[in-house]
Amino acid sequence: MASVNHCIIIGNLGRDPEMRHLPSGEAVATFSVATTESWKDKQGGKQERTDWHRVEFIGRTAEVCGEYLKKGAPVYIEGRIQYDKWTDKEGVEKTMTKIRGDRMQMLGGKSDGERSEPKQQARAKTNDNPDDIPW
């Protein structure tokens, strides 16, 4: 029987990505993503729960994460859940759950102060007077 290990997370970065490199030279980006769920309880009060997810990318996507993702940024992550187990220097067995990212999409747009000049020009052209259109 086939099996599937696939997860999708949409949330906000809890910190800037931490970058390192494997002995092979491949980049590794590690960061946390917060997802928040809201609901109303039986008394009508708003309840909220935030879960934190450790995310890791390897390769070119890791380089992009390190360059463009910043704390608080909204992000879409696709990947698989991975469990790591090791014994530390004191002989204590440790475990860690993480999402090994396969795909990342930055969500949201740049703030008005960060818009590049070409985009401002393109936006201005869409507001031209219809009488100026040559056809």
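The protein chain folds into 2 helices and 6 strands. This is a predicted model. Read from the N terminus, the order of the elements is β-β-β-β-α-β-β-α. The chain has 135 residues, and buried residues make up 25% of them. Its accessible surface is about 10200 Å², with 49% of that area belonging to carbon and sulfur atoms. Of the contacts between residues at least 6 apart in sequence, 55% join residues at least 24 apart.

In soluble globular proteins, nonpolar side chains tend to be buried together. Here the largest nonpolar core has 16 residues, and Phe31, Phe57 and Ile77 have the most contacts inside it. At least two residues of this core come from each of S1, strand S3 (27–40), strand S4 (46–58), helix H1 (60–68), S5 and strand S6 (93–106). The most is given by S3, with 4 residues.

Ile77 shows how separate parts of the sequence meet. Leaving aside residues up to four places away in sequence, Ile77 touches Cys7, Ile8, Ile9, Phe31, Val55, Phe57, Ile99, Arg103 and Met104. Two of the residues it touches, Phe31 and Phe57, are also among those with the most contacts inside the core.

Is Glu78 buried or exposed? Glu78 counts as buried because its relative accessibility is 16%, and the limit for that class is under 20%. The side chain of Glu78 makes a polar contact with the side chain of Tyr76, at 2.5 Å. Beyond four places in sequence, Glu78 touches His6, Cys7, Ile8, Gly101, Asp102 and Arg103. Between Glu78 and Val55 the C-alpha to C-alpha distance is 9.9 Å, with 23 residues separating them in sequence.

Ile8, a residue touched by both Ile77 and Glu78, belongs to strand S1 (residues 7–13). Ile8 counts as partly exposed because its relative accessibility is 48%. Together with Ile10 and Leu107, Ile8 makes a nonpolar surface patch of about 260 Å².

Charged side chains form another part of the picture. Side chains of opposite charge can pair when their charged atoms come close. How many salt bridges are there? The count comes to 11 salt bridges.

One of them joins Glu56 and Arg100, whose closest N and O atoms are 2.8 Å apart. This pair links distant parts of the chain, as Glu56 is in strand S4 and Arg100 in strand S6, 44 residues apart. Glu56 and Arg100 are both buried. They also belong to a network of salt bridges that links them with Arg20, Asp84 and Lys98.

Asp102, which Glu78 touches, forms a salt bridge with Arg80, again with closest N and O atoms 2.8 Å apart. Here too distant parts of the chain are linked: Asp102 is in strand S6 and Arg80 in strand S5, 22 residues apart. Asp102 is partly exposed, with a relative accessible area of 47%. Arg80 is partly exposed as well, with a value of 32%.

A further salt bridge pairs Asp51 with Arg49, where the closest N and O atoms are 3.0 Å apart. Asp51 counts as partly exposed at 26% relative accessibility, and Arg49 counts as partly exposed at 46%.

Terms used:
Residues are numbered from 1 along each chain as its sequence is written. This is a predicted model: local features need pLDDT of at least 70, side-chain atom pairs count only at pLDDT 80 or more; totals for chains, interfaces and linings use all residues. Side-chain values use heavy atoms; hydrogens and water are left out. Patches are made of residues with over 30% relative accessible area and no salt bridge: like charges are joined within 9 Å, nonpolar side chains (Val, Leu, Ile, Met, Phe, Trp, Tyr) within 5 Å. Accessible areas come from the Shrake-Rupley method with a 1.4 Å probe; for residues, only the protein chains shown count as cover. A salt bridge is a side-chain nitrogen of Lys or Arg within 4 Å of a carboxyl oxygen of Asp or Glu. Buried means under 20% relative accessible area, exposed over 50%, partly exposed in between (1.4 Å probe, protein chains only). Contact means heavy atoms within 4.5 Å. A polar contact is a pair of N or O atoms within 3.5 Å; within protein, one must be able to donate a hydrogen and the other to accept it, and residues adjacent in sequence count only if both atoms are side-chain atoms. A nonpolar core is a set of buried Ala, Val, Leu, Ile, Met, Phe, Trp, Tyr and Cys residues joined through side-chain atoms within 4.5 Å.
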